[in-house]
Structures are given as structure tokens and as C-alpha cells.
Amino acid sequence: MKKKFLIALLLAQSIFTYSQEFTDLAKTPPMGWNSWNKFGCDVSEKLIMGMADAMVKSGMRDAGYNYIVIDDCWQIGRDNSGNIIADPERFPSGMKALGDYIHSKGLKFGIYSCAGSKTCQSRPGSRGYQFQDAKKYAEWGVDYLKYDWCFDEGQDAKSAYKTMSDALKESGRPMVFSICEWGGSKPWEWGEGIGHLWRTTADIRDCYQCTFDWGGLGILDIIDKQADLWKYAGPGHWNDPDMLEVGNGGMTFDENKTHFSMWSMLASPLMAGNDLRDLDPVTAQILMNKEVIAVNQDAKGQQARRFMDMGEYEIWAKPLADGKVAVCFLNRTNTVWNLNYDWKKQTMYFVEEVNIRKQAYDVRDVWEHKSIGNTESKLVKSIPAHGVLMVVLSKK
Ligand code: GAL
């Protein structure tokens, strides 16, 4: 009897340790760079090595970005034993050497595959080869897998992703698992424990508001689709509203700031999608705003909630560790929002630790990097068209 109890205890303990280790791989939202938004299929080891160098040189690595992820089109076929082969013309040194190079820069190596028989660009997918592929990735030193959903051939999404998750866990190398199923089967309801992040929508487009027949979305529509998903995010399991378009040229300065602020508020993964080798100062200022990144990476791991929806004007709040809270005023309109906000009028009913009616809080503008008053007086500010005011409240 005693022996059985001891075995059960040991088993429970090892399951706990195991799931703790899995969670620890993405205790805060993953940060890095991915090739797709800017380069599409035009990937090569030269490009990836250049991006790794730029990640370090630009200061992005020191700001917290560490995964370098090669998206679709690196793979060209399988050998007679079924091993996946990288395009030898574009990756002549091989994936192991590329992984070693990325690691030598103090960065982590990410790769892409698909749960279907083919990837979205019709390269070989992993269906039927999941365990063999995971083993190969481990040999190459891969730290992160983004796993797509084209050519799914009627598979059940949860089981398909669970198979690859099991394969990664069995490979012996810890890898972050990014579920890219676009939200169709509500991966937020089943993704925790299987993957660390799951896409919630179709692909992002480099625009403030635009929609495409095939489902591509601008940032405003993506933000709207995150509003009800806050309860599914937490350390080790994140909603993924897709990679960043900051710096790709389709949005104004204020729109890019809105994009980056809201992705940070939403505890979204921050995967840059621009060319880091020629980072202009404005883009660098946005992507490396340490105060905004700190909100994204906050240890509490909560996703912001929209607690005031006044049509075109919205207020979102993200509870932070140490009794702080980040608040973001979002102006969806084409004209300036002349804000005159009385902190005491609304309660952030879901932020237990914060009671503005009883306690004064300092209000710090995380874009201007300075205190702009406290919650005892009204907040008077002009918020530009399509822009935000993002602040952090902390006890005075
Ligand atoms: C899409 C995915 C994109 C990108 C692309 C590659 O399905 O959402 O982020 O990975 O495939 O073909």
C-alpha cells in the first residue's frame, strides 16, 4: 500500500515537474524575429545570418528579442529515408551550422513546418513524419517550431497539434511550440499544455484597417478579435494575434505605435517582421521601447481587457505584478481625441489590487518616459488619430 502511494506521489511529482518545465519555456510571451512578413519565400542562410548579426548590433537582443525563426520555404524535399532536406542552394552550410551560428550570437533558433502533407507554400509538411522531423530539429539545435495548418486534409486540429507536441517532447530538446491554426477550431480552448502560443486569426496585413477576401486583417480588426480571449492567456500559454508589421512601411508612426502598444497590452508574442539590417531610428524607437516591452513581459502574464468601450474610443487595462496596472487609451478615429478623463468615474473592476477611489496612483506615460500626473486629477491629453496613450499606474 505504502509502495503504491509512493509510486503515485513520484509520478505526480514528475508530471508536475515536466509540465512546469514546459510552461517555463515561455513563461512570458516569446520575443524574436520571423522571416515571413517581410521576406516571404525569399529565405537563405545569408539572410538569416545577417538578421542574427543585426539582432545583436541593433540592440534588439538586449531589448529581449531572442528567437530567429525561419518561416516557410526552407525545406525542399525528403531523402529516401524520409528525412527532411533543407534547400541546399539557399542553405549550403546546412541547418545544424546555421543553428550553431545563431546560438553563437546568444540567440535561439526557430523553424517552421506544417501539420498537413504540405506547407502553405507547397513544401513538404510534417504529416506522417512528426517524430522523425522533431528528432531532426533537435539534432539541428532548434529551439522553436511554428506549425501551420495548410493541406490539413480533414484532420482534427487538436489531435494533429498534440501529435507534434508529443514528438517535440520526445525529441529530448526543449522547444517552444507555436500553433498556427488561425483560430478556426478555437485553439485557445485546447492549446494549453500542447503548445505555448496559438494564432487567433488569419494573417496580419501591414495596415491599420483593411480586410481581404482570403481573411487577411489589419491591426484594428485583429485587436477586436482578442477582446474576449483574455481568460486563455497566462504564463506558458499565449494568444497570438500574429507577428509584428512595425517598420514594414504600410502604417504611420502613430499606427505602428498603436500596433506595438496593443500587442504589448495583449501579452502577445513580439515577433518582429521587418528587416533588422536597416532599422531606421523611428522603428528602432518603437520596437525597443523598454517600458512598453516591460508591460508585455510582465511576470503576472495577464492579457489586457477592454474595460471601457465608447464606440470609437476605448480603454484597455492590463494588471501587472507588484500591484501596478497598464492602461491604454485607443483612439480608433481619423481625428484627435481630446481626452479629459476622470480616473474616479470608472472602476477597473477586474484589477483587484487597484482601487483608484481609495488610493492615489502615479500616472507614467511609457512613450514619453515621464510621469504625467496622478489619479487624483483629471487626465487631459490629445491622442492623435489612430493613436494611443499608454500609461502605467503605480501606487504613490
Ligand atoms: C500562413 C501563416 C503565415 C506564414 C505562411 C507561410 O498560413 O499564417 O504566418 O507562415 O503561412 O506560408
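A disulfide here is a pair of cysteine sulfur atoms within 2.5 Å. Keep that cut-off in mind for C328: its sulfur is 19 Å from the closest cysteine sulfur, in C207, too far for a bond. C328 is also buried, with a relative accessible area of 0%. Buried means under 20% relative accessible area, exposed over 50%, and partly exposed in between, with a 1.4 Å probe and protein chains only.

Some ground rules. This is a predicted model: local features need pLDDT of at least 70, side-chain atom pairs count only at pLDDT 80 or more, and totals for chains, interfaces and linings use all residues. Residues are numbered from 1 along each chain as its sequence is written, and side-chain values use heavy atoms, with hydrogens and water left out.

Now, how many disulfides does a search of the whole structure find? Three.

Start with C41 and C73, S to S 1.7 Å. C41 is partly exposed at 28%, while C73 is buried at 1%.

Next, C120 bonds to C150, S to S 2.0 Å. That link is right-handed, with 100 degrees about the S-S bond. The two cysteines sit 30 residues apart in sequence, so the pair ties together separate parts of the chain. C120 is partly exposed at 25%; C150 is buried at 16%.

C207 is buried at 14%, and C210 is buried at 19%.

In sequence order, the bonded cysteines pair 1-2, 3-4, 5-6.

What about C114? Its sulfur is 5.1 Å from the closest cysteine sulfur, in C120, too far for a bond. C114 is buried, at 0% relative accessibility.

Notes. Helices (H or I, at least four residues) and strands (E, at least two) are DSSP runs, numbered from the N terminus.
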